[in-house]
Amino acid sequence: MQAQNHRWISSFSFLLFCASSIPTLEGTRLLQELSPQEYFSGLQAGRASLAYFSPKVPPGAQPFLEQIENSAEALQDYGISVVKVNCPKEDVSRYCGKENALRKAYLFRGNVLIREFPTDALFDVNSIVANVLFALLFNEVKYVETLADLQNIENTLKGRSNMVFTYVPATGTAEHRAVMEAAFVYGTVHQFVLTTEAMLLKDSGYVNGDVSSAKMLFCHCQLVMDLSQPCRRTPMEQTLTLLNIHRHLKLMGAPLVTEVAEDPEKVSTVHLQLGLPLVFILSQKETYEADRRTAEFVAWRLLGKAGVALLSRDLLDLNVLLRSNVALKTPEEGAPIKYLVLEDTDEVITLVEDKNKIEQIQEEEEEEEEEEDNKESSNQDIQDDQVVEAVSRDKKRELPLGKIQVLTEENFDSALLETTRTVVLFYASWEAVSLAVLQSYAEVADHLKETQGLLLSRVNCWDWPGVCTKENITQFPTIKIYERGEQSVVYNGMWGTEELTSFIMLSQVSCPLKLVTTDEAERYLRGEFPSELSSYHHTSILGVFSTATSEAKEAFEEAGSILSGHVTMGMYFEDDALALSSKYAVSPPAILLARSGGQSVESIALAKENTQEMVQMIRYELLGAFPEITVQNLPHLLQLRKPFLILFSDGGIDHMESEEMLKLAKGRAQQAFVACWLSLKKTPVGHGILKAYFATMPSLPVLIWVNLHVGGQVFKFPPEHPITEMNILSWLEKLKAGLEIPSSTLSEEDWKPPLPAYDFLQMMETAEPSLHTSHQHGETPSQSPPESLRGDNTIQEEPSQETKAEKVGSPGRDLRGTAPRLAAREKQGKRHSEL
């Protein structure tokens with residue numbers, strides 16, 4: 001059908017060229033004058049002719065003959081001859097003998113009469129050509145008066161061919177002629193339907209109330225396979241001239257979306273040839289299906305106004321910013337391609353419809369960049385959030401995300417099945433913490449690039465909220481590890497590269513790991529088993545159980561599932577378990593803790609069989625007898641809800657003081673409080689803590705007693721006394737007796753965020769209910785997502801099949817998959833302070 005269309009277009013163009021290029025010889029008359037005998041004897045089968053019979057020119061017929069003669073040249077282009085038949089006076093035949101016959105013109109095909117025309121209906125060349133072609137193209141052009149007739153024709157065409165529906169206020173006009181001439185060329189390609197009923201135009205779905213001029217709708221019935229669905233309709237916005245109709249039908253026959261795998265500077269399409277712009281949607285293989293739907297949605301909106309092409313980043317080495325997602329090529333020769341960053345498809349439509357928009361967008365981007373540069377250089381843009389400030393500082397640095405696979409609604413489930421273990425980062429592309437974690441995640445991907453059976457991936461929840469809702473993601477960012485046949489594991493640790501890498505590697509080993517021989521158990525305590533964890537120096541926890549300790553064993557296994565990824569836990573449950581436990585002087589059930597690669601093994605008898613208590617006990621033992629307070633372990637220390645005995649130091653700890661504190665921590669009083677220390681050199685936040693405790697900064701080292709959970713009183717160990725176990729115990733007795741005066745008392749105010757957290761997925765669902773159906777998405781820099789695009793560039797009362805699919809699934813509404821938008825716009829970053 002497409003090839004036939006092109007042949008008709010080529011023939012039509014050639015015909016027009018020839019008709020306009022060959023001059024009419026002076027004195028040559030295309031209107032033939034014949035006798036009745038000459039006319040009827042010369043009729044050829046299949047050849048059309050328009051005849052006017054007259055014994056002589058009657059009064060008032062001279063203007064008509066002039067128009068008939070003027071139309072002869074136009075009709076000759078379509079193989080129709082125009083003849084004036086001179087009737088003898090004695091001729092009383094049907095065409096010459098009656099007076100009424102002299103007021104009519106007759107259209108013949110061969111010797112068969114096709115139509116009689118009253119001469120007052122053929123008032124000029126346009127009316128003559130229009131009416132003659134209308135009569136001859138009876139099968140190519142259907143005339144309808146009712147909506148039922150139009151729908152019947154439409155139903156017969158569905159799945160077969162397209163329809164060109166035209167309204168003209170009256171027949172015989174210049175627009176009517178243009179439609180008939182176009183139907184002469186395209187009538188075998190498309191079904192032409194004509195009406196003069198203005199109400200029928202409105203009933204067919206034309207929403208513009210202006211029916212004073214002719215209108216044409218191209219109905220895409222060939223795409224519709226379901227008879228219950230109407231044909232999608234695209235209006236021709238230009239006036240109905242032959243050239244405009246030819247141009248419009250050529251655009252309707254062009255591919256909806258062109259896939260480009262070459263330099264866009266070299267691309268040439270029918271749209272550019274006809275003086276229309278070409279829009280490129282930049283794509284990547286991970287989001288190809290979503291990008292394809294986006295391109296198709298934009299193409300339907302711009303049908304007849306611009307072409308749309310899908311440009312793959314993977315096939316070309318584009319020297320453009322990674323965040324650019326749309327490019328525009330204008331038909332002007334030598335005009336450079338404009339690469340832009342747009343938020344949604346509405347901006348693409350506006351870009352094409354408003355020619356000044358592209359300059360405005362580029363000016364805004366240049367102004368924003370210049371303003372940001374000025375703020376950075378003058379150090380005036382002080383952020384109230386350190387994470388936002390860090391992300392803003394690095395926003396121009398493109399992240400190396402090539403080793404992280406992008407997951408969408410289409411490939412999420414299949415990706416989990418293709419790989420043994422899949423790590424998924426759920427994030428929001430505009431949110432500062434997500435972008436900061438994405439930087440760590442990229443470093444993790446580089447560290448683990450050689451790990452077999454491991455896939456690192458990411459899901460932008462602002463683009464794919466359906467996936468995140470299904471996976472119960474309630475906060476950004478979230479990392480989950482999926483393993484075939486196992487429940488997913490959620491990461492709840494620190495977001496640093498080292499911590500993330502450790503969690504991913506530790507979680508790939510069963511927790512607890514079943515050990516079947518004493519040799520495996522010994523190697524495990526030395527940090528040699530399993531081999532994939534030998535490079536990760538962690539305290540190894542080995543549970544030793546006998547057949548009589550099944551309840552403790554089950555609690556230990558449940559504790560292992562909770563602590564998976566955070567600790568290494570092994571379990572020995574064999575006949576010779578007693579031999580192993582006797583070696584370390586402990587009876588089952590027991591736990592062996594091997595620190596520093598098995599150089600020291602501690603034995604702990606298990607008296608508790610409750611899972612949560614066992615988890616807390618393991619976490620506490622992992623902290624050590626006298627732990628250093630770090631950002632990583634502070635949450636675990638606070639969970640103990642005990643008073644703190646903290647030794648603040650400006651660096652390391654004196655050996656003597658360390659030994660005394662260790663004796664204190666391991667003594668009988670250890671269950672009542674947590675003995676720990678903090679290095680202000682390694683953890684500078686300690687300066688702020690001491691300033692909150694004291695009016696002036698004390699000299700270091702300083703020993704502090706503080707109960708954050710009860711009272712908040714802060715006591716300072718007398719600096720004139722040496723830090724020894726006996727001195728500290730004596731001081732603690734005075735505290736207990738109320739003989740010491742606190743240095744300060746902390747406020748009872750709870751540590752809470754200044755504002756409640758936003759449920760962004762709920763906001764998205766409220767703003768656009770269709771976001772949580774089969775194809776959800778949306779991206780906006782503000783707190784609420786943009787309105788989804790409603791309808792399209794078609795004109796119809798009921799939505800077409802494609803439009804209904806869009807409303808159900810919302811495919812292609814936002815430019816979500818076209819580029820990894822890692823750098824949030826300035827207005828996005830500023831809004832973070834409101835959170």
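N472 counts as exposed, because its relative accessibility is 61%; on this scale, exposed means over 50% relative accessible area, buried means under 20%, and partly exposed is in between (1.4 Å probe, protein chains only). N472 is found in the loop between α16 and β19. Helices and strands here are DSSP runs, numbered from the N terminus (helices are H or I with at least four residues, strands are E with at least two).

Before going on, a word on the model: it is predicted, so local features need pLDDT of at least 70 and side-chain atom pairs count only at pLDDT 80 or more, while totals for chains, interfaces and linings use all residues. Residues are numbered from 1 along each chain as its sequence is written, and side-chain values use heavy atoms, with hydrogens and water left out.

Most residues other than glycine have a negative phi, and most peptide bonds are trans. Here are some spots that go the other way.

| Spot | Feature | Value |
|---|---|---|
| N472 | positive phi | near 60° |
| R641 | positive phi | near 55° |
| F476 to P477 | cis peptide bond | omega near -10° |
| P588 and P589 | cis peptide bond | omega about -5° |

P477 sits in the loop between α16 (465-470) and β19 (478-483). P589 is in the loop between α20 (577-583) and β24 (590-595). As for R641, look in the loop between α22 and β26 (644-649); R641 counts as exposed because its relative accessibility is 59%.

**The cores**

A nonpolar core is a set of buried Ala, Val, Leu, Ile, Met, Phe, Trp, Tyr and Cys residues joined through side-chain atoms within 4.5 Å. The largest one has 51 residues, and the members that touch the most others are L50, L75, I80, V132, V141, F192 and I245. Helix α4 (residues 125-136) gives this core its largest share, eight residues. There is also a second, separate core of 40 residues, with Y427, I479, Y491 and A590 among them.

Take L75 as an example. Contact means heavy atoms within 4.5 Å, and once neighbours within four places in sequence are set aside, L75 is in contact with L50, I80, V82, I128, V129 and V132.

**A helix and a strand**

Helix α10 (residues 288-301) is largely enclosed by the rest of the structure, because ten of its 14 residues are buried. Those buried residues include F297, V298 and W300, along with D291, R293 and R301.

L34 belongs to strand β1 (residues 32-34) and counts as partly exposed because its relative accessibility is 21%. Not counting residues up to four places away in sequence, L34 touches Y39, V83, K84, V85 and N86. The C-alpha atoms of L34 and K84 are separated by 6.4 Å, though the two are 50 residues apart along the chain.

**The largest pocket**

Its volume is about 1200 Å³. A pocket is an open set of points on a 1 Å grid over the protein atoms alone, where a 1.4 Å probe fits, with protein on both sides within 12 Å along at least five of seven lines; lining residues have an atom within 4 Å of a point. The volume is the space filled by probe spheres set on the points, which are joined across faces, edges and corners.

Of the 34 lining residues, E499, H538, H566, Q632 and H636 are the closest to the centre. Helix α17 gives the most to the lining, seven residues.
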